[in-house]
Amino acid sequence: MNKRIMVPLDGSQLAEKALPYAIKLANQINGSLLLVHVLETPGPGPQEYSFQGDTFPVNSADPYLQEVSRIISGPGAEPWIEADRLEIIVGYGKPAVALATMIEDEQVDLVVMTSHGRTGLSRLVMGSVAFDLVQRSICPIMLIQPEKPNEFSLLADTLARRTSLHFNDGEQPRIILTLDGSSEAETVIEPAIQLASQLKGVIHLVRIVPPTIQIDYDNTPEEYGNYSNNDLEKTRRHHRKEVYEYMDRIAEQINDRGVHCVRVVLLGSYAEKILDYACQIQANMLAMAIHARGKFGQVLIGSLGEEVMRRSHLPVIMVNGRALLEAQQTQAEKPEMLSR
């Protein structure tokens with residue numbers, strides 16, 4: 001798993017900033033890189049291919065990818081990857097749709113691409129392609145937010161810049177995996193385990209508990225009456241106990257898979273606590289599921305996930321939890337349908 005890594009490129013230097021992360025990761029796990037470029041087709045026929053901006057004509061797509069391949073596999077490149085572990089594909093159609101199709105057809109295990117530097121997940125490189133792709137695919141997608149997204153730099157200089165995926169010999173990479181107790185959020189556990197296993201890394205299992213529990217008093221059954229301060233404190237203690245038991249159970253499952261897991265429960269604001277903890281342990285990457293909502297209303301994307309992306313320059317592995325659960329359910333139902 002995670003042996004075949006796709007890097008979508010659109011000819012921009014912003015998109016190329018994902019390359020050092022993808023190359024370093026591929027080298028760490030002895031994987032291969034698939035460099036792709038999608039030519040939009042606004043009309044019904046293939047003869048109506050459009051330009052990618054004013055300076056990137058259709059017939060430049062393949063030469064561009066060839067040149068990128070030559071640079072990252074050439075002498076002096078750092079990081080460097082062997083040419084026989086590189087492939088290029090030019091696709092056609094709406095970018096997110098074409099990329100999602102390629103992920104399935106090419107059996108891609110991980111996508112590494114750049115997010116927009118100013119507005120987190122609201123607007124991403126190549127328009128809203130990254131966000132649309134997360135919505136359409138069940139493949140884990142690693143989003144990179146460059147520290148200087150609009151900085152002009154040659155590809156050789158981009159490659160030379162140190163990233164959070166540069167590990168010292170013997171160093172164990174640290175992956176922060178965020179959960180909220182929902183089944184959707186738990187879909188990111190398996191990709192995180194596989195990646196941590198390949199990198200010989202450590203998973204920091206993190207759950208953020210809000211300072212107060214939101215109670216809908218209007219919908220409280222009459223027989224319970226009004227909550228007293230003691231009742232509320234008991235509820236808080238019960239919730240905290242449930243959280244710790246849940247986290248202990250997940251941590252044990254991860255440890256049983258041969259991956260060292262540290263479980264952490266933090267009280268406070270989601271984004272602030274995640275970012276503080278990432279700095280504290282010098283994390284190398286984050287992992288979270290989208291569209292995951294816990295019973296107390298925590299959401300791991302939207303305003304919270306976007307704030308983490310906006311304020312952190314760590315790679316963030318995202319999984320579409322809802323879509324992955326639906327796919328797993330469909331797969332589980334197939335044997336039952338065939339047996340009828």
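## Ser32 and strand 2

Ser32 is placed in strand 2 (helices, H or I of at least four residues, and strands, E of at least two, are DSSP runs numbered from the N terminus). This is a predicted model, in which local features need pLDDT of at least 70 and side-chain atom pairs count only at pLDDT 80 or more, while totals for chains, interfaces and linings use all residues. Residues are numbered from 1 along each chain as its sequence is written, and side-chain values use heavy atoms, with hydrogens and water left out.

With a relative accessible area of 17%, Ser32 is buried (buried means under 20% relative accessible area, exposed over 50%, and partly exposed in between, with a 1.4 Å probe and protein chains only). Leaving aside residues up to four places away in sequence, Ser32 touches Lys3, Arg4, Ile5 and Arg85 (contact means heavy atoms within 4.5 Å). Arg4 has Ser32 as its bridge partner in strand 2.

Strand 2 is mostly covered, with eight of its eight residues buried. On one side these are Ser32, Leu34, Val36 and Val38, and on the other Leu33, Leu35, His37 and Leu39.

The open sheet has 10 strands in the order 3-2-1-4-5-10-9-6-7-8, and its pairing is mixed (two strands pair if DSSP finds at least two bridges between them). Its edges are strand 3 (86-92) and strand 8 (261-267), each of which pairs on one side only. Neighbouring strands of the sheet are turned by 25 degrees against each other on average, direction ignored (axes are lines fitted to C-alpha atoms, for helices over the stretch in contact, and angles run from 0 to 180 degrees between N-to-C directions).

Strands 2 and 3 run parallel and are joined by seven bridges; Leu35 stands opposite Ile88 in strand 3. Five bridges join strand 1 to strand 2, also in parallel. Strand 1 (residues 4-8) runs parallel to strand 4 (residues 110-114) as well, with two bridges between them. Met6 stands opposite Val111 in strand 4.

Strand 4 also contains Met113, which is buried, with a relative accessible area of 0%. Met113 and Met6 are 107 residues apart along the chain, and their C-alpha atoms are separated by 8.3 Å.

## Helices across the sheet

Helix 2 (residues 19-29) lies across strand 1, strand 2 (32-39), strand 4 and strand 5 (141-144), and runs at about 175 degrees to strand 1. Helix 5 (residues 129-136) lies across strand 4, strand 5, strand 9 (285-290) and strand 10 (316-320), at about 160 degrees to strand 4.

## Largest pocket

The largest pocket has a volume of about 480 Å³. On a 1 Å grid over the protein atoms alone, a pocket is an open set of points where a 1.4 Å probe fits, with protein on both sides within 12 Å along at least five of seven lines; lining residues have an atom within 4 Å of a point. Grid points are joined across faces, edges and corners, and the volume is the space filled by probe spheres set on the points.

The lining of this pocket consists of 23 residues, of which Tyr21, Glu147, Arg162, Thr163 and Ser164 lie nearest the centre. By class, six lining residues are nonpolar, 10 polar and seven charged (Ala, Val, Leu, Ile, Met, Phe, Trp, Tyr, Cys and Pro count as nonpolar, Asp, Glu, Lys and Arg as charged, and the others, Gly among them, as polar).

## Whole protein

The protein has 12 helices and 10 strands. Of its 340 residues, 52% count as buried. Among contacts with a separation of 6 or more, 79% are between residues 24 or more positions apart.
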